[in-house]
Amino acid sequence: MTTSRDNLAQTAVTLTRHILEEQAVHPEATGEFSTIMAQIALAAKLIARNLSQAGLIDVLGLTGETNVQGEAVQKLDRKSNEAFVRAFEYYGGLVRTLVSEEMDQPFQVSSLPPGKRGKYALFLDPLDGSSNVDVNATVGSIFSVHKVGEQAGRDANTDLLKIGSEQVAAGYILYGPSTILVYTDGGGVHQFTLDPEIGEFVLSVRHVRMPSKGKVYSVNEGNYGKWSKGMQRFVDYLREKDPAGGRPYSSRYSGCLVADVHRLLTTGGVYLYPAEAGKSEGKLRLMYEAAPLAFIVEQAGGSASTGTEPISKLQPTTVHQRVPLIIGSREDVSSAEQFIQGRR
Ligand code: P6P
């Protein structure tokens with residue numbers, strides 16, 4: 001007897017099938033992209049498995065080391081990074097370089113001779129919000145794919161400094177009550193849910209769209225005293241009672257950027273990690289946090305800026321560069337920019 005779940009498995013649009021169908025529409029696309037996404041999905045499944053066993057195997061807590069950002073490294077940060085490296089290190093003819101929050105230097109996947117190396121670089125935050133792991137709260141992975149090549153005379157690492165609008169694809173995995181993968185390749189935003197019984201990511205939402213204005217703001221209010229006057233006034237404004245204007249907004253902040261931004265795709269609203277006293281560049285990283293999420297949100301109808309300029313137009317100066325991030329519904333991001341720039 002076939003159950004409804006069996007039917008789902010038989011009729012499910014898996015991630016691989018979706019990408020192949022998309023490829024049929026874009027003749028210029030090669031099978032390489034679907035292979036990259038399949039390997040990212042493999043790493044995501046391994047990470048989801050590790051997280052589900054976190055309380056049972058020795059992966060909780062800290063390694064005792066600090067990463068390039070000077071942050072304490074969780075054991076699962078390291079294991080999650082390894083999952084992505086292992087998914088790509090076997091063959092450098094696809095992704096030639098991995099850049100990760102957990103690795104000081106770009107990882108050159110293989111020593112294939114020039115001309116044989118892959119034309120892609122993958123930028124990763126392998127486990128975003130990892131301090132949530134020890135309290136069994138939601139965490140995520142963020143990825144960004146750029147085309148890189150061998151330009152005579154250009155240092156391989158310099159070639160990695162691409163602006164966000166040049167991304168080939170970007171996405172995130174959210175390890176929550178269910179594990180979901182959300183990605184864009186410039187053709188809209190699509191969401192897949194992991195069905196652990198068949199081990200496949202199955203299409204759950206096609207063409208995700210973000211409300212143009214929301215009712216949620218997401219920020220660490222403990223930093224209020226460190227913000228600029230404009231930023232303080234914006235959050236004060238969101239808290240004011242104005243039912244006709246949809247205020248006060250609700251405050252939601254999970255400690256995981258991926259979870260908070262994903263919520264905004266549904267509710268609308270704005271996430272903010274602005275510049276603050278002692279952190280003029282904010283906390284979040286441009287190439288593997290802000291830029292990929294900006295690509296996703298812009299494709300869903302939202303926007304992302306530093307408070308003064310679009311994230312997707314920023315020219316990186318280093319692969320681990322930090323930026324202030326204001327991201328979410330177009331109207332809410334615009335309001336934040338007006339306050340931060342002193343125009344309101
Ligand atoms: P804070 C997690 O470390 C992270 O990079 C984001 O996922 C999250 O939104 C933010 O930093 C939390 O930072 O300073 O509020 O604890």
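The model is a predicted one, in which local features need pLDDT of at least 70 and side-chain atom pairs count only at pLDDT 80 or more, while totals for chains, interfaces and linings use all residues. Residues are numbered from 1 along each chain as its sequence is written, and side-chain values use heavy atoms, with hydrogens and water left out.

We may start with the overall layout. The protein splits into domain 1 (4-205) and domain 2 (216-340), with bounds taken from an automatic or database domain assignment. Between the C-alpha centres of domain 1 and domain 2 there are 24 Å. Contact (heavy atoms within 4.5 Å) links 46 residues of domain 1 with 30 residues of domain 2. The buried area, meaning the accessible area (1.4 Å probe) that two parts lose on being put together, summed over both, is about 2800 Å² for domain 1 and domain 2, and carbon and sulfur atoms give 64% of it. On the domain 1 side, Q69, L161 and Y172 lose the most area to domain 2, together 22% of what that side buries.

Polar interactions also cross this interface. Twelve residue pairs are in polar contact there, both residues being at pLDDT 80 or more; a polar contact is a pair of N or O atoms within 3.5 Å, where within protein one must be able to donate a hydrogen and the other to accept it, and residues adjacent in sequence count only if both atoms are side-chain atoms. One salt bridge is found across the interface of domain 1 and domain 2, the term requiring a side-chain nitrogen of Lys or Arg within 4 Å of a carboxyl oxygen of Asp or Glu. A salt bridge joins the side chains of R285 and E101, at 2.6 Å from N to O.

Turning to the ligand, 13 residues surround it, the closest being D128, Y253, L257, Y271 and Y273 (a heavy atom within 4 Å counts as near). Oxygen atoms of the ligand lie 2.6 Å from a polar side-chain atom of D128 and 2.9 Å from an N or O atom in the side chain of N220.
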